[in-house]
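Below are my notes for a colleague going through this model. Please read them beside the sequence and the coordinates.

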Amino acid sequence: QVQLIESGGGLVQTGGALRLSCAQSGRTFSTYTMGWFRQAPGKEREFVSAVVLSAGITSYTSSVKGRFAISRDNANNTMYLQMNNLNPEDSAVYYCAAHTNSPGNWAIQTTPAEYDYWGQGTQVTVSS
């Protein structure tokens with residue numbers, strides 16, 4: 001059983017920064033693509049960023065490019081999302097998710113339905 005535990009959310013002012021962490025346990029970490037999604041009240045869950053753990057291939061939604069950076073520490077089974085220059089539109093519950101890769105398949109998954117495991121979420125609130 002795979003478990004994902006997020007941490008690092010909080011309240012920041014516009015222009016501030018936060019670093020989210022996602023710790024994974026239960027299976028071999030590097031066999032996954034790990035992603036970050038977010039969901040604001042009344043909105044659908046949306047893709048933010050993802051990384052293919054075995055290859056380091058990354059992807060970002062356009063609204064966070066240049067501000068957010070995804071990284072991973074395979075030795076410690078942890079993924080990170082560094083979020084800089086935050087604005088109120090970034091406020092949401094952020095979820096960590098894992099997709100089990102097929103051998104040799106390094107495509108990035110960007111829809112929630114493609115992910116097999118989810119964390120409980122961490123709240124990010126950006127005040128204006």
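Where is Asn77 found? Asn77 lies in the loop between β7 and β8, strands here being DSSP runs (E, at least two residues) numbered from the N terminus.

1. Basis of the values. This is a predicted model, in which local features need pLDDT of at least 70 and side-chain atom pairs count only at pLDDT 80 or more, while totals for chains, interfaces and linings use all residues. Residues are numbered from 1 along each chain as its sequence is written, and side-chain values use heavy atoms, with hydrogens and water left out.

2. Two asparagines with positive phi. Most residues other than glycine have a negative phi. Asn77, although not a glycine, has a positive phi of about 50 degrees, and Asn77 counts as partly exposed because its relative accessibility is 25% (buried means under 20% relative accessible area, exposed over 50%, partly exposed in between, with a 1.4 Å probe and protein chains only). Asn85, in the loop between β8 and β9, likewise is not a glycine and has a positive phi of about 50 degrees; at 48% relative accessibility, Asn85 also counts as partly exposed.

3. The open sheet. Four strands form an open sheet in the order β1-β3-β8-β7, with antiparallel pairing, where two strands pair if DSSP finds at least two bridges between them. β1 (3-7) and β7 stand at the edges with a single partner strand each, so one side of each is left without a neighbour in the sheet. From one strand to the next the twist averages 15 degrees, taken between axes that are lines fitted to C-alpha atoms, with angles running from 0 to 180 degrees between N-to-C directions. The antiparallel pairing of β1 with β3 extends over five bridges, and Ser7 stands opposite Ser21 in β3.

4. The hairpin of β5 and β6. Strand β5 (residues 46-52) pairs with strand β6 (residues 57-60) in the antiparallel sense over four bridges, and Ala50 stands opposite Ser59 in β6. The hairpin has four residues between its strands, and Gly56 takes a positive phi near 75 degrees there.

5. The nonpolar cores (sets of buried Ala, Val, Leu, Ile, Met, Phe, Trp, Tyr and Cys residues joined through side-chain atoms within 4.5 Å). The largest has 25 residues, and Trp36, Phe68 and Tyr94 are among those with the most contacts inside it. Strands that each supply at least two residues of this core include β3 (18-25), β4 (32-39) and β11 (122-127), while the largest share, four residues, comes from β9. A second, separate core of five residues includes Phe37, Phe47, Ala97 and Tyr115.
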